[in-house]
Amino acid sequence: RCQRWVENCRRADLEDKTPDQLNKHYRLCAKHFETSMICRSSSYRTVLRDNAVPTIFDLTSHLNNPHSRHRKRIKELSEEEIRTLKQQRIDEAFERQRAIEELTKSNEQTVLEGGRGGQGEETNPLTAEERENKDYLKSLFEILILMGKQNIPLDGHSGAELPEGAFASDNFQALLEYRINSGDEVLRKRFEMTAVNLEYCSKTQQKQMLEVCANCVREETLREVRDSRFFSLVTDEVVDVAGEEHLPVLVRFVDDSHNLREEFIGFLPYEADPETLAVKFHAAVTEKWGLNMEHCRGQAYVASSGFDSKMKVVATRLLEKYPQAVYTLCSSCALNVWLAKSVPVVSVSVALGTMEEVCGLFHQSPQLLAKLGDTISVLFQNDEEKGNELKELCRSQWTGRHDSFEVLVDLLQALVLCLDAVSSDSAVRWNKLTVSRTLVLLSTLMDFDFIVTVVVLKSILSFTRAFGKNLQGQTSDVFIAAGSLTAVLHSLNEVMENIDLYHEFWFEEAMNLASKLDVEVKLPGKMGRGQRGISELEGTSENYYKEMLSIPTLEHVIQELKDIFSEHHLKALKCLSLVPSVMGQLKFNTAEEHHANMFKNDLPNPDTLSAELHCWRIKWKHRGKDIELPATLYEALHLPDIKYFPNVYTLLKVLCVLPLMKVENEKHGIGRKRLKAYLRNTLTQQRSSHLALLNINFDTKHDLDLMVDTYVKLYPEKE
């Protein structure tokens, strides 16, 4: 295209110049371009289309202009050249017209195939019976969609709740009856001759229709994912759905509006065998949901220690097939919490579960929270600032913080005193359930095994706390974190080399805390009762906890950091220097091309990557003084002229879908919050994977005609 510009301008002296030289040192007036070649124009700037070529030149005006004698000579065209130019312009106009006609024809064909245009109905007219049946099915689907959005279970009262011989409709039947009584003529005609105590719609048909409904709603999201091309998969912790273990799956992608979204796409049955789980997970994503794993650029799994090893097998098997799908941390989970959940030590799992129980207990009771606040005020009366800080933390979800174990150590004495006061309250201010829960938690908190576990976790994870905070910070913080991993691993390896010394300090801190709480220092369970027989651990509590807790935890943290921050993942994070604010911090002395080569096959124009990166860097280096540098991937993706940098846009898009990157606009990352809300507000036995999908994606558009057509094709005997 650059060569065509030079040829059309008749500048033979520029033919040996490179595109970069021409772009940097030469300019062409906008008057030389057809209006169809101009994207938009203002008094300050004219923006051309990607395929714009100058074609308007007055090649004779200079002959009669006395002021043009000192201008550069313009080559005169021969008759043949003029005819060629005219024909070229005619051909281009013809091609544009033909493209418009083809687009119009394609749109008309789409309408016809949709079966919802007037002509489509004339070609295949529906009989009165077919039309009536379609309207009937639409009414049923509308009821199911309403139940999903409002989180109403299909079943109503159980038989045990009703007196003998009584009959009560389930929730679906009740809503159907209500709709008939409200004037739905289609349903009334269908059921006016039906017995009063007969089901209008069988359980089997309800489940079949609900499955179709959920699949159609899911497909709307999956279609957007396919259009976006690149995506990442994220799973949350295993949950109980109607008595069976399921794995919640979310997908991250950048939509047509350049917004990063994280959407819930369904539950998958959880398998105890990791290899079977890996096979079924892959089959569900590729075959059932129709996603191309070649375009998957990240995978993250939030799991407790009991499930973490199995999910790592899934990640490993997917990485073997798709090396670009990097295994990484999820942005919704603090690094230290994620590391602690994955530690394969029983006492760590117990400590994490106890923390959640304690936090949940106080959040469920404002009176208990107030009681804890009073206890903190008494304990920290000489340090009011610290006390107020702890009281504020108690009102938040402090178990998900990077420093959650430090917070727990600071709160432990107040928690023990508060729970002890509640469990021994003679005024009977608390109900029996609360008292029984406080007694159980109190016994756990006053166990030395719990105390030493929390202290060791706090001490080890203090080395990764700042690193983890940066990972959940701004884009520039993530870029800095990617470069600081080596230093973090060096510090942890140094601790491992001197574990005897470090563990001695940690154990002493645990004993001091236990002494403050009047907790006896002893080994757990059978080890405590048969302490003299532990010859391999020299019979001491300190050595026991070093071998069984400190060393395994430290080794696991080091290995886990290496796994989730592989060389491939770190190279991807280095590409964050494409974000202008990061570029500015580095004084525009960056080397994106070196790291971006790993995504070369994803780029639309890989051959022009070098030149495009150069233009991108120059654009921001020589910006106006009043122009601020975009600070996030979100801001960079929403730049008005980002479409003129197709390779940069693709790289930013790939980086955006990495599970580690946080969703900048909260309204586009509510899939996980809605999932948590559904699980929190729905009884285990009333949960349904299909109703959950409708409830969580209640704002996803749905097509009733498509649902009806799909149902009729799948179950023609029901028609």
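Trainee: Where is Ala 242 placed?
Mentor: This is a predicted model, where local features need pLDDT of at least 70, side-chain atom pairs count only at pLDDT 80 or more, and totals for chains, interfaces and linings use all residues. Residues are numbered from 1 along each chain as its sequence is written, and side-chain values use heavy atoms, with hydrogens and water left out. Strands are DSSP runs of E, at least two residues, numbered from the N terminus. Ala 242 sits in the loop between strand 4 (239-241) and strand 5 (244-254).

Trainee: What phi does Ala 242 have?
Mentor: Most residues other than glycine have a negative phi. Ala 242 is not a glycine, yet its phi is positive, at about 55°.

Trainee: Is Ala 242 buried, partly exposed or exposed?
Mentor: Buried means under 20% relative accessible area, exposed over 50%, partly exposed in between (1.4 Å probe, protein chains only). The relative accessible area of Ala 242 is 37%, so the residue counts as partly exposed.

Trainee: How many bridges join strand 4 to strand 5?
Mentor: Two strands pair if DSSP finds at least two bridges between them. Val 239 stands opposite His 246 in strand 5. The two strands run antiparallel, and the bridges joining strand 4 to strand 5 number three.

Trainee: Which residue in the turn between strand 5 and strand 6 has a positive phi?
Mentor: Strand 6 spans 260-269. The two strands form a hairpin with five residues between them. The turn residue with a positive phi, about 65°, is His 258.

Trainee: How many residues of strand 5 are buried?
Mentor: Strand 5 is mostly covered. Of its eleven residues, the buried ones number nine.

Technical notes:
Helix = DSSP H or I, 4+ residues; strand = E, 2+ residues; numbered from the N terminus.
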